[in-house]
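Reader: Hi! Could you walk me through this one? I'd like to start with the fold and then go to the metals.

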Amino acid sequence: MEFQEPETEIKRLKLLHQYRILDTVPEKHFDDLTQLAAYICQTPISAISLTDFQRQWYKSKIGFTSTEELREMTFCAHAVLQSDVFVIPDTLMDERFANNPFVTGEANIRFYAGAPLRTPHGLALGTLCVLDRVPRELSYQQIQSLSVLAEQVVTQLELRRNVQNLKLNIVKRQKSEAQLRHNVFHDGLTGLPNRALFMKRLSAAIAKAQRCSSSLFAVLFIDLDRFKVINDSLGHGVGDRLLIETASRLKSCMRHEDVVARLGGDEFTILLNDIQGIRDATDIADRIQTALTLPFNFSGQEVFISLSVGITLSTTGYQRPEDFLRDADTAMYRAKAYGKARYEIFDVSMHDSAVRQMQLENDLRRAIERQEFEIYFQPIVCLASGKIGGFEALIRWQHPTRGLLDPLDFIGVAEETGAIIPIGYWILSEACRQLHSWQLKYGATSLTISVNLSTKQFSQRNLIEQISSILQSVGLNPCSLKLEITETAIMENAASAAEMLLQLRDLGIEIYMDDFGTGYSSLSSLHHFPVDLLKIDQSFINGLERGAEKSKIVQTIMTLTQNLGINAIAEGVETAEQISILRMLQCKFGQGYFFSKPLDRAAAEMLVAQHWNKAGEAISHPNCSAQSIEKLRRG
Ligand code: C2E
Ligand code: MG
Ligand code: MG
């Protein structure tokens with residue numbers, strides 16, 4: 001049999017399949033046309049056939065029952081290749097068909113006429129055909145009619161296709177609109193409801209509680225502890241996976257009617273609907289704490305986290321969802337302040353302290369321009385010679401209404417709000433300027449100053465430039481400046497810390513590790529960072545004379561410093577006994593009330609003046625000569 005060009009055939013088949021009509025149920029528009037064709041041509045059999053890859057399938061038929069035939073046996077396979085109606089007046093007389101099973105077999109077909117179903121693309125998908133069991137002719141009008149009816153079949157096919165495409169487009173559009181609606185109200189990373197949706201659900205809960213006084217709900221504000229450290233040290237990929245896994249663990253602790261949302265970053269909120277009392281909320285807080293304490297495993301890397309949770313109940317009677325969220329947030333901050341990995345329930349006193357905190361933030365912003373900060377100086381003393389080696393600069397704030405404030409009262413807030421950056425810059429330059437002036441005035445060239453660097457300051461990109469420009473403008477020798485940083489500051493800037501410390505060392509500035517022993521990295525990380533001295537935290541010195549436990553710890557730290565070839569300062573030295581133990585343990589320096597409390601500028605200057613003789617040599621600190629210690633001990 002004849003064939004179409006393979007390329008045209010491929011196109012034709014592709015087009016046929018786009019109509020999505022094969023193997024569909026009968027449809028009246030098509031059946032009407034088959035009926036009309038049989039009626040006009042006066043034949044017992046008629047059909048709409050579609051020519052598929054290997055088969056011929058009937059969309060509509062009259063006078064037979066089969067649904068499809070092998071393509072190569074059919075008359076229509078020939079008809080689709082013609083441009084006009086294809087007529088076989090007597091199949092037995094036509095050598096192409098005389099042996100065809102449809103002719104010789106039970107079907108006994110003797111007459112065929114098929115009009116190709118030519119689409120607007122010019123390709124024939126099948127035929128509208130009429131058949132008979134006796135040989136015969138068709139009149140000119142009948143052939144014309146068959147042609148016109150075939151065009152009608154194609155029109156129906158087109159129409160059907162357009163309607164179908166329209167339906168598909170509508171479904172697609174509906175899907176993308178639903179996706180868009182979902183995106184507006186959900187967090188892209190975890191798929192949880194976002195802040196907007198949470199607020200909506202919270203508003204609904206508030207409205208319900210107002211209608212029905214027995215309806216109680218709770219809001220939980222959750223923040224992951226140490227998330228920043230994990231994110232910075234293990235990378236954002238792990239950070240993202242941690243958030244996704246956290247979201248799913250949180251969800252698994254909830255009932256269907258509760259709402260878990262991600263506000264952003266590592267902050268999640270939960271709305272507990274229809275609870276009986278505070279116990280239900282604290283039970284849930286315990287449950288999620290337990291669920292999240294189980295280690296996370298990311299490609300073999302175990303990660304541990306904990307949560308700080310703030311809880312507030314609907315009994316506060318607020319109308320606005322923001323108020324609930326604020327209180328829960330305040331309680332969460334309290335949980336952080338009380339040592340993390342715990343929950344706190346909001347109470348009104350927290351609100352008051354939050355208001356005070358805000359006031360403090362505002363005051364802090366103005367404190368620099370109003371020149372309300374002062375530097376106090378606490379001597380660091382060599383335990384063997386009793387000589388003052390340097391001072392630690394400690395900030396104080398002369399608050400307009402609250403009096404002199406210790407750093408504990410405001411450094412945390414300054415750190416959180418970023419105010420620590422200008423404050424830190426101020427103290428650095430003031431401390432350097434002051435030291436330089438004493439060095440000149442009293443010939444105290446060996447005197448040093450240590451300045452505390454906060455975590456935020458340490459993460460500034462331009463810290464090195466800042467410091468070197470201060471040193472230059474003041475004219476201070478970099479060896480006179482020591483920077484005190486904590487283990488936490490290093491760990492929270494793990495990626496850049498080593499590089500930064502090396503650059504400082506290149507400048508000639510020494511690094512002191514402050515409050516050593518209280519951070520969460522301690523020994524393991526020390527080797528990686530160029531540290532010149534450890535300041536042993538005062539918690540290990542306090543009570544040193546009363547128990548073997550503490551002196552063992554200090555001894556261990558001392559062994560560590562000896563192995564690393566660096567010095568140590570004991571912080572918070574208050575008694576002569578402590579000093580003699582520290583001397584025994586070969587701790588080189590001490591700092592504490594035993595020698596002196598932090599002194600204001602004038603008192604410190606007086607000490608420098610007494611301490612440096614005219615030849616520029618330091619003489620022993622009055623509290624620290626061997627004799628005076630002996631005296632103190634005896635008396
Ligand atoms: P720090 O750097 O460990 O400073 C030592 C703290 O221990 C000082 O508290 C000091 O007054 C106190 N101290 C010294 N000797 C004794 C003693 O014998 N017994 C007791 N009980 N305490 C003693 P201060 O001045 O209140 O500072 C607290 C912390 O605030 C400092 O701890 C430091 O971390 C931070 N800080 C102070 N000034 C600054 C600053 O200018 N910038 C930054 N970023 N932080 C600062
Ligand atoms: Mg310090
Ligand atoms: Mg310290």
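**Helix, sheet and metals**

Author: Happy to! Helix H2 (residues 28-41) lies across strand E1 (45-51), strand E2 (55-62) and E6, running at about 75° to E2. Helices (H or I, at least four residues) and strands (E, at least two) are DSSP runs, numbered from the N terminus. Contact means heavy atoms within 4.5 Å, and angles run from 0 to 180 degrees between N-to-C directions of axes fitted to C-alpha atoms, for helices over the stretch in contact.

Reader: What should I know about the model and numbering?

Author: This is a predicted model, where local features need pLDDT of at least 70 and side-chain atom pairs pLDDT 80 or more, while totals for chains, interfaces and linings use all residues. Residues are numbered from 1 along each chain, chains are lettered from A and ligands numbered from 1 as written, and side-chain values use heavy atoms, without hydrogens and water.

Reader: In what order do the strands of the sheet run?

Author: The open sheet has 6 antiparallel strands, E3-E2-E1-E6-E5-E4; strands pair if DSSP finds at least two bridges between them. Its edge strands are E3 (68-70) and E4 (86-88).

Reader: Switching to metals: which residues hold the magnesium ion (ligand 3)?

Author: Asp514, Asp515 and Glu571 supply its protein donors, 2.0 to 2.5 Å away. Donors are N, O and S atoms within 2.8 Å of the metal (3.2 Å for Na, K and Ca); water is not among the atoms, so sites may look incomplete.

Reader: Which residue coordinates both this ion and ligand 2?

Author: Asp514 does, and the two magnesium ions are 4.0 Å apart.

Reader: Is Asp514 buried or exposed?

Author: Asp514 is buried, at 7% relative accessible area, and Asp515 is partly exposed at 25%. Buried means under 20%, exposed over 50%, partly exposed in between (1.4 Å probe, protein chains only).
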